[in-house]
Number of protein chains: 2
Amino acid sequence: MTTYTIFGTGNMGTAISGVLSKGGASTDNLSHGEATTATIEGEVVILAVPYPAVDEIITRHREALAGKTVIDITNPLNFDTFDELVVPAGSSAAAEIQGKLPDSTVLKAFNTTFAATLNSGKTGDLTTTVLVAGDDEAAKSALITDINAGGLDALDAGSLKRAHELEALGFLQLTLAGAEKISWSGGFGLVK
Amino acid sequence: MTTYTIFGTGNMGTAISGVLSKGGASTDNLSHGEATTATIEGEVVILAVPYPAVDEIITRHREALAGKTVIDITNPLNFDTFDELVVPAGSSAAAEIQGKLPDSTVLKAFNTTFAATLNSGKTGDLTTTVLVAGDDEAAKSALITDINAGGLDALDAGSLKRAHELEALGFLQLTLAGAEKISWSGGFGLVK
């Protein structure tokens with residue numbers, strides 16, 4: 001049984017906690033108020049906070065995060081313009097975080113699935129698929145196993161470089177929902 | 001009835017021609033041998049050729065393409081590495097083509113839908129959705145109407161800047177199919 005510490009008690013943090021605990025994992029969600037003072041007890045850490053809130057957390061907990069898997073779920077949008085990302089062109093939030101946490105194993109996951117599709121397990125009639133990218137095969141495999149145990153599909157989408165494409169997909173999906181062209185319970189489902 | 005000149009007689013050129021002609025449009029596909037010598041008769045031109053083949057076509061036909069809608073369907077992958085795009089970071093094939101054809105109206109479309117999903121009209125149980133990006137609302141609207149007439153869904157995915165995200169999505173989908181994690185008749189379907 002994996003133990004997860006999840007920074008964030010919003011829609012996404014709660015939905016991810018729901019999936020993983022349904023699969024038998026132990027999860028602990030930390031609120032904004034707890035984020036800076038808490039001791040990290042989980043083997044795996046999930047950053048389920050907006051991208052601008054990540055920096056303070058990883059700066060504060062850098063030593064505790066060393067040696068752990070750190071899962072980045074962010075879509076680093078410029079929410080003022082809804083027209084660009086705030087990470088350098090060609091890079092990704094996940095790559096930026098990995099650069100700041102060289103002793104941690106960073107994975108990208110959960111950024112292409114709206115909270116409602118995690119809660120229901122469905123994207124339309126399709127089982128929701130969580131896309132996972134990262135350079136550590138064992139860490140990806142462990143996360144995929146825990147997501148599958150929670151009743152969702154999960155797919156290894158490649159190396160951490162692919163976080164750029166996952167964030168582009170997440171960005172596109174957010175713009176479509178923001179423009180009411182799709183609903184917040186829809187989005188891109190994966191047909192194998 | 002729109003008339004389309006489609007450069008390309010491969011899987012994608014044929015599938016696109018099939019969708020549009022099913023909807024009542026007139027389509028003419030030009031083979032590689034015809035690409036340089038042909039006269040462009042269509043009101044709308046579709047570049048259904050690999051990205052490296054685009055340059056010669058648009059150089060040769062620049063004057064004939066002026067004033068027309070030009071639809072770019074390419075995924076500008078480095079097919080040697082399958083790990084990166086060959087356009088500058090943050091840009092897109094569509095933006096590069098628009099830069100070289102300032103007097104044409106460039107749209108991005110059809111790069112996120114495998115040929116099989118255009119032929120069948122289905123991505124799994126979902127109606128296949130063609131994502132269209134571009135800066136000219138009338139040109140997008142006309143293309144969407146013609147795709148709808150052919151029995152597929154089509155969605156305005158935003159400005160030509162969003163071609164970057166559509167190409168990232170196309171790239172990701174190609175890597176998943178190339179790694180046999182999804183089939184060439186599957187991919188990302190859009191749930192509204």
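Chain A folds into seven helices and ten strands, where helices (H or I, at least four residues) and strands (E, at least two) are DSSP runs numbered from the N terminus. Its radius of gyration is 15 Å, close to the 16 Å that the globule rule gives for 192 residues, so chain A is as compact as a globular protein of that length. That radius is taken over C-alpha atoms, and the rule is 2.2 Å times the number of residues to the power 0.38. This is a predicted model, in which local features need pLDDT of at least 70 and side-chain atom pairs count only at pLDDT 80 or more, while totals for chains, interfaces and linings use all residues. Residues are numbered from 1 along each chain as its sequence is written, chains are lettered from A and ligands numbered from 1 in the order in which they are written, and side-chain values use heavy atoms, with hydrogens and water left out.

Let us stay with chain A for a moment. Its C-alpha trace spans about 45 × 35 × 30 Å along the principal axes. Of the 192 residues, 56% are buried; buried means under 20% relative accessible area, exposed over 50%, and partly exposed in between (1.4 Å probe, protein chains only). Among contacts (heavy atoms within 4.5 Å) between residues at least 6 apart in sequence, 68% join residues at least 24 apart.

Now bring in the partner chain. The contact draws 35 residues from chain A and 35 residues from chain B. About 2,800 Å² is buried between the two chains, with carbon and sulfur atoms giving 64% of that area; buried area here is the accessible area (1.4 Å probe) that two parts lose on being put together, summed over both. On the chain A side, A:Leu172, A:Lys181 and A:Val191 lose the most area to chain B, together 19% of what that side buries.

A:Phe82 sits between strand E4 (69-72) and helix H4 (93-100) of chain A; its phi is near 55°, a positive value in a residue other than glycine, and A:Phe82 is partly exposed at 30% relative accessible area. B:Glu180, in the loop between H7 and E10 of chain B, likewise has a positive phi, of about 60°, without being a glycine. At 73% relative accessibility, B:Glu180 is exposed.

Finally, A:Thr36 lies in the loop between strand E2 (26-30) and strand E3 (44-47) of chain A. Beyond its neighbours within four places in sequence, A:Thr36 is in contact with A:Glu56, A:Arg60 and A:His61. A:Thr36 and A:Glu56 are 20 residues apart in sequence and 7.9 Å apart in space, C-alpha to C-alpha.
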